[in-house]
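Trainee: I've got a model open on my screen and I'd like to learn how to read it. Can we go through it together?

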Amino acid sequence: MEAAPEIAKQVVKRHALSTRIWHWLNALVVAILLMSGLMIFNAHPHLYWGDFGSREDYAWLQIDDTRTTGFIRIGNNSFETTGVLGLSLDAKENVRRVAFPGWATIPTGYDLAAARRWHFAFAWIFALGLTAFMFMSLVNGHIRKDLHVRRAEWSPRALWTDIKNHARLRFGDDNDSSHYNIMQKFSYIGVIFLLFPLLILTGITMSPAMNAAWPWLLDIFGGRQSARSLHFIAAALLTLFVVVHLIMVLLSGPINGIWSMITGRHVTKSKPEIAGDLA
Amino acid sequence: MTDGRKLLRRRELLRGAALGSSALVLGGCDAMNENATFRSALRGAERLNQLTHRSLADRATLAPEFALSDISPLFKTNGSLTGTSTEYLAHLQTSFADWRLRIDGMVANPMDIGLDGLRAMPARTQITRHDCVEGWSAIAQWHGTPLRLLLQQAQLSPRAKYIVFHCADNYGARPYYESIDLIDAFHPQTILAWGMNGEALPVKYGAPVRLRVERQLGYKQAKYVMRIEATDDLSKFHGGKGGYWEDVGDYEWYAGI
């Protein structure tokens with residue numbers, strides 16, 4: 001009987017310890033910041049551009065209710081969102097007239113003071129963790145070796161191939177998993193070096209004391225209310241990243257992926273045709 | 001079972017697991033939120049924020065000031081819309097002609113000063129942004145007497161640490177009050193405002209005088225100020241946390257964020 005070509009399993013070292021620690025710490029901290037942030041937003045579910053903005057002024061985004069329906073209005077377009085945004089039921093089936101429902105906020109009930117305490121305490125862990133991760137990634141070569149988009153990867157052909165691979169759900173075990181693909185690099189770079197710093201800086205810009213200390217922040221973001229809008233938009237983009245990230249983990253072999261983010265080791269299969277070539 | 005259906009079942013399972021764990025996490029967060037040790041740990045960040053702000057800015061660093069054209073067309077009213085004490089309502093009838101601001105506590109020279117007296121002192125005019133803890137902002141021009149001049153005139157004791165502002169409005173069933181430390185009390189923009197946007201301060205914005213402490217949030221900007229008291233201990237006033245919202249809603253005493 002002829003032996004079937006054996007698929008050799010190969011274990012590659014994938015994630016550095018600093019990457020793994022930061023990943024899980026940050027996952028927890030980001031979840032807490034997003035959810036406490038939604039509770040803070042519930043205190044005034046309107047967004048404006050410029051220096052000032054209150055219920056007396058035009059809001060470009062509003063989440064509110066008509067007492068019987070919930071809605072979100074973006075510019076001149078309103079969408080009914082009863083049950084989720086604006087008007088929802090709590091765990092005891094009571095109608096709550098809040099922008100984001102209790103299951104999405106910390107704490108679940110309306111408590112601005114508590115949400116602020118959570119948000120401002122965990123914001124420190126977030127900012128310090130990000131700084132430490134960036135420093136370690138510079139030192140251990142994570143940025144240079146793994147995140148850096150190489151010249152060849154910028155070519156339209158390589159980009160197109162990567163897009164086609166994603167469209168065919170070909171990533172993870174099918175490909176060589178020892179390095180990130182191009183889309184993966186773009187999204188990680190975008191989140192780590194653009195979205196996270198933007199969230200921190202727009203957050204700081206909302207502080208009246210920091211406006212006195214660093215008034216240039218207001219100039220960069222175009223005023224306190226613009227900073228508040230940008231903070232919310234960045235948080236929405238971050239939520240989108242988390243959703244896509246989780247879907248990609250599920251599609252590309254969740255056990256192996258999660259295991260590698262815990263132990264650092266990733267199991268890859270060398271392809272049978274390569275084994276054939278060697279025979 | 002086809003691969004597709006297997007995948008669907010797997011997705012349903014994962015969805016169930018995700019929903020279940022999110023309920024667990026949320027329940028856990030609410031439980032932690034009620035835990036006194038955890039709350040005091042979170043509260044540690046308040047002190048850290050205050051220290052950070054104070055180290056990044058000089059004690060006299062000004063809050064941003066704006067141009068006349070930046071003023072909000074309609075300044076949102078908030079909190080009490082009038083003083084409620086009998087004394088206040090009587091003063092309101094006579095347009096505060098006999099109203100006197102009391103300055104006492106840890107001062108060598110306790111004093112009473114009326115609106116004319118305040119207006120006769122050197123005044124400061126500033127166009128600043130008012131930021132509510134809820135997230136909204138409004139810009140107005142304020143005219144008022146720098147608090148530091150009043151404290152100097154009253155000869156503040158070197159042992160005093162805080163300035164308490166007693167107000168004429170009951171919000172809910174309790175009297176409104178606020179307090180600040182001496183760094184903010186002596187800040188050049190900290191004024192007792194008796195004018196707003198070129199006119200006498202309207203009742204709904206805190207007439208006859210309100211506090212402006214521009215590097216902190218709206219709930220520190222006490223309206224209907226009747227008495228200013230210097231002290232070295234905030235725990236003896238009302239709920240003991242130094243302000244109405246600090247006592248009632250557990251908001252931070254230091255409101256620089």
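Trainee: Let's start with helix 8 of chain A: which of its residues are buried?

Mentor: Keep in mind that this is a predicted model. To call a residue buried, you count neighbours: 20 or more other C-beta atoms have to lie within 10 Å of its own. In helix 8 of chain A, the buried set is R224(A), Q225(A), S226(A), A227(A), R228(A), S229(A), L230(A), H231(A), A234(A) and A235(A).

Trainee: And what do those buried residues pack against?

Mentor: Within chain A, their partners are helix 1 (17-42), strand 2, helix 5 (182-205) and helix 7 (216-221). Strand 3 and strand 4 of chain B are partners too.

Trainee: You mentioned chain B. How many residues are in contact between the two chains?

Mentor: On the chain B side there are 39, and they touch 33 residues of chain A. The elements of chain B giving two or more residues to that side are helix 1 (3-34), helix 2 (36-56), strand 3 (124-131) and strand 4 (137-146). Helix 2 of chain B gives the most, with 7 residues. Sorted by class, the chain B side has 20 nonpolar, 10 polar and 9 charged residues.

Trainee: Now sheets. What holds the strands of a sheet together?

Mentor: Backbone hydrogen bonds pair them, in either a parallel or an antiparallel way. For the case here, chain A has an open sheet of 4 strands in the order 2-3-4-5, with antiparallel pairing.

Trainee: Which strands are at the edges?

Mentor: Strand 2 (46-47) and strand 5 (77-80) of chain A, each of which pairs on one side only. Strand 5 of chain A is joined to strand 4 (residues 70-74) of chain A over 4 bridges, in the antiparallel sense. To find your place in that pair, look for I72(A), which stands opposite F79(A) in strand 5 of chain A.

Trainee: Zooming out, what does chain A contain as a whole?

Mentor: It has 10 helices and 8 strands. Of its 279 residues, 30% count as buried. The C-alpha trace of chain A spans about 80 × 45 × 35 Å along its principal axes.

Methods. Residues are numbered from 1 along each chain as its sequence is written. Chains are lettered from A and ligands numbered from 1 in the order in which they are written. This is a predicted model: local features need pLDDT of at least 70, side-chain atom pairs count only at pLDDT 80 or more; totals for chains, interfaces and linings use all residues. A residue is buried if 20 or more other C-beta atoms lie within 10 Å of its own, exposed if 12 or fewer, and partly exposed in between; C-beta atoms are placed from the backbone. Two residues are in contact if their C-beta atoms, placed from the backbone, lie within 7 Å. Ala, Val, Leu, Ile, Met, Phe, Trp, Tyr, Cys and Pro count as nonpolar, Asp, Glu, Lys and Arg as charged, and the others, Gly among them, as polar. Two strands pair if DSSP finds at least two bridges between them.
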